[in-house]
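I opened a notebook for this structure. The entries below follow the order in which I looked things up.

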Amino acid sequence: MSVACIVVAAGRGERLGEERPKAFVEVGGRPLVWHALQAAARSARVSYVVVVAPGGFEGDPALSGADAVVPGGATRQHSVANGLAALPPETGVVLIHDAARCLAPPSLFDDVAAEVLAGYDAVIPGLAVVDTLKVVDGAGRVTATPDRSQLRAVQTPQGFARAVIDRAHAAAVERGDTDAPDDASLVERLGLPVHVVAGHADAFKVTRPQDLLLASTVLARRAAAV
Ligand SMILES: Nc1ccn([C@@H]2O[C@H](COP(=O)(O)OP(=O)(O)OP(=O)(O)O)[C@@H](O)[C@H]2O)c(=O)n1
Ligand SMILES: C[C@](O)(CO)[C@H](O)COP(=O)(O)O
C-alpha cells in the first residue's frame, strides 16, 4: 500500500519570534523544513511527500525534494486539509508531520507507518511526561493533578489509514471545528481508537528560541557519530 507524508510548514512561529516563518529558520545551515523533508524522504516506507508551505515560499529551493508543494491555511488543521487534498489517488496510508519537529528520525516514520500498515487506523508517537501536570481553572486555582503514568506527550509523524483521516477532517468541517490540536484528536471525535507507539527524543518541536540550541546540539551529535 502506498504511503504518503504531508509536512506542514505554513505556521508563523510566533513563539519563536523570528522575522521569517518558523519552518524557514535555519539550524545547521538549513531550514527546519529541509531537515523534516529529508527525514520523510529517507524513510523506507514513504514514497510521496507533500509540503504545505507559507505564502511566498512555495518555490523555495529548500522544498525542491518534495513531490508536491501546496499553500497553507489559516490554522494547522486547514494546512493539513490542503495537504490531504493534494495526495495521489493511490495513497493508502498518510503520515502527517510538523516541519517544526525537524529532527524526527526516518526510523520514527518507518515505525508509525508499519503500525498503520499492520492494521491500526490511527497511530501516534508518544513519550512519558517528565513534569507533574496540573489542571488549573480561570482563577489560577489547581483543580486536579492527573495521574502522570497515564499521560503521554504526543509527537508527529502521526499516521492514518487514508479513508479514516479524510473522514475525520470532513467531520471536523461539518462540526465547524477549525483548529484541532492534532490530527489524532479528529479521529478520536469519530469514536475510533488511536494507537500510541514509542516516540523519539529527537522528535521534539522547535517552538521557542532555546529549542534551536537543542536542535543544533542534536545535529552536532549526529555529525560526530558518523
Ligand atoms: N496555519 C498553520 C499553522 C501551523 N502549521 C504548522 O504546524 C506545525 C506545528 O505548529 P506550531 O509548532 O504551533 O507552529 P506555528 O503555528 O508556526 O507556531 P506558533 O504557534 O508559535 O506561531 C508547524 O510545522 C507549522 O508550520 C501550518 O502548517 N499551518
Ligand atoms: C501536532 C502536535 O505537534 C502534536 O504534539 C501539536 O499538537 C502541535 O501543537 P501546536 O499548538 O501547533 O504547537
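I sorted residues by class first: Ala, Val, Leu, Ile, Met, Phe, Trp, Tyr, Cys and Pro count as nonpolar, Asp, Glu, Lys and Arg as charged, and the others, Gly among them, as polar. I took a residue as near a molecule if its C-beta atom, placed from the backbone, lies within 6 Å of it.

Source notes. I am working from a predicted model, where local features need pLDDT of at least 70, side-chain atom pairs count only at pLDDT 80 or more, and totals for chains, interfaces and linings use all residues. Residues are numbered from 1 along each chain as its sequence is written, while chains are lettered from A and ligands numbered from 1 in the order in which they are written.

Ligands. Around ligand 2 I found Arg-76, Asp-98, Val-154, Gln-155, Thr-156, Pro-181, Asp-182 and Lys-205. That shell holds 4 charged, 2 polar and 2 nonpolar residues. Ligand 1 is surrounded by 22 residues, and Val-8, Ala-10, Gly-11, Arg-15 and Ser-79 are the closest. I counted its shell as 8 nonpolar, 7 polar and 7 charged.

Whole chain. I listed 6 helices and 12 strands (DSSP runs numbered from the N terminus, helices being H or I of at least four residues and strands E of at least two). The chain is as compact as a globular protein of its length, because its radius of gyration is 17 Å, close to the 17 Å that the globule rule gives for 226 residues (taken over C-alpha atoms; the rule is 2.2 Å times the number of residues to the power 0.38). Of the 226 residues, 41% count as buried (20 or more other C-beta atoms within 10 Å of the residue's own, C-beta atoms being placed from the backbone).

Helix H2. Which residues of helix H2 are buried? In this helix, residues 76–85, they are Arg-76, Gln-77, Ser-79, Val-80, Gly-83 and Leu-84. They lie on the same side of H2, because they cover an arc of only 160 degrees around the axis (the arc of the directions from the helix axis to the C-beta atoms).

Helix H3. I noted Leu-108, Phe-109, Asp-111, Val-112, Ala-113 and Val-116 as the buried residues of H3. After H3 comes Gly-119, with a positive phi near 130 degrees.

Cis bond. The peptide bond from Thr-156 to Pro-157 is cis, with omega near 10 degrees. I placed Pro-157 in the loop between strand E10 (152–154) and strand E11 (158–161).

How values were computed: Buried ≥ 20, exposed ≤ 12 C-beta atoms within 10 Å, placed from the backbone.
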